Amino acid sequence: HLQLVESGGGLVQPGGSLRLSCAASGFSFGDYVIGWFRQAPGKEREGVSSISRGGSVTDYADSVKGRFTASRDNTYNMAYLQINSLQPEDTGVYYCAGRTGPTTLLPQEYSAWGPGTQVTVSS
């Protein structure tokens with residue numbers, strides 16, 4: 001089954017940028033839609049991005065459109081989330097997840113999850 005591991009999180013000042021990575025193993029990466037999610041303390045997990053198997057279709061939550069960019073490289077079994085203009089409300093644990101259906105931002109639709117990487121935006 002698909003196994004995922006995120007990296008690239010950290011502490012960044014408001015207005016800064018990060019590039020999160022999601023490394024996949026265990027199955028055919030190209031068969032999976034990859035979603036990115038985040039969870040702030042005391043809040044529910046929310047979907048921020050979803051990218052199709054070939055990378056041609058991307059969906060974003062309204063709160064991140066224009067600031068977040070999802071991409072993937074199926075040759076290297078990697079997915080990425082470029083995050084720009086970070087704000088304190090972007091703080092949380094960021095997860096990548098995989099599913100075999102179409103793109104969606106609904107976390108309950110994803111079956112494979114990474115452990116998450118912490119993003120903290122603070123001055």
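Me: Which side chains meet in a salt bridge with 2.6 Å from N to O?
Reply: Glu46 and Arg38 do, through their side chains. Keep in mind that this is a predicted model.

Me: And is Glu46 buried, exposed or partly exposed?
Reply: Glu46 has 33% relative accessibility, so it counts as partly exposed.

Me: What about Arg38, buried or exposed?
Reply: Arg38 is buried, with a relative accessible area of 6%. Buried means under 20% here, so Arg38 falls within that class.

Me: Where does Arg38 lie?
Reply: Arg38 lies in strand E4, which covers residues 33-39.

Me: Which side chain meets Arg38 in a salt bridge of 2.7 Å?
Reply: That one is Asp90, again counted N to O. Arg38 lies in strand E4 and Asp90 in the loop between strand E8 (78-83) and strand E9 (92-99), so the pair ties together parts that are 52 residues apart in sequence.

Me: Asp90 in that pair, is it buried or exposed?
Reply: Asp90 is buried, and Arg38 is too.

Me: Why would such side chains pair at all?
Reply: Side chains of opposite charge can pair when their charged atoms come close.

Me: OK, which residues are linked in the network of salt bridges?
Reply: The network links Arg38, Glu46, Arg67 and Asp90.

Me: What else is Arg38 in contact with, leaving aside neighbours within four places in sequence?
Reply: Its contacts include Glu44, Arg45, Val48, Ser63, Val64 and Phe68. Glu89 and Val93 are among them as well.

Me: How many salt bridges does the structure hold?
Reply: It holds 5. One of the pairs is Lys65 and Asp62, whose side chains meet at 3.2 Å, N to O.

Me: Is Asp62 buried or exposed?
Reply: Asp62 is exposed, with a relative accessible area of 65%. The cut-off for exposed is over 50%, so Asp62 qualifies.

Me: Switching topic. How many disulfides are there?
Reply: The structure holds 1 disulfide. It joins Cys22 to Cys96, with 2.1 Å from S to S. Cys22 lies in strand E3 (residues 18-25) and Cys96 in strand E9, so the pair ties together parts that are 74 residues apart in sequence.

Me: What handedness does the disulfide of Cys22 and Cys96 have?
Reply: It is right-handed, because the torsion about the S-S bond is about 75 degrees.

Me: Are those cysteines, Cys22 and Cys96, buried or exposed?
Reply: Cys22 is buried, and Cys96 is buried as well.

Me: E9 keeps coming up. In which sense does E9 pair with E11?
Reply: E9 and E11 pair in the antiparallel sense, over 3 bridges. Within that pairing, Val93 has Gln118 in E11 as its bridge partner.

Me: And in which sense do E2 and E11 pair?
Reply: Strand E2 (residues 10-12) pairs with E11 in the parallel sense, also with 3 bridges. Leu11 stands opposite Thr120 of E11.

Me: Last one: which residues of E11 are on the covered face, and which on the uncovered one?
Reply: In strand E11 (residues 117-121), Thr117, Val119 and Val121 make up the covered face. Gln118 and Thr120 are on the uncovered face.

Methods:
Residues numbered from 1 in each chain as written. Predicted model: local features only at pLDDT ≥ 70, side-chain atom pairs only at ≥ 80, totals over all residues. Heavy atoms only, no water. Helix = DSSP H or I, 4+ residues; strand = E, 2+ residues; numbered from the N terminus. Buried < 20%, exposed > 50% of the residue type's maximum accessible area, 1.4 Å probe, protein only. Contact = heavy atoms within 4.5 Å. Salt bridge = Lys/Arg side-chain N within 4 Å of Asp/Glu carboxyl O. Pairing = 2+ DSSP bridges. Disulfide = S-S within 2.5 Å.
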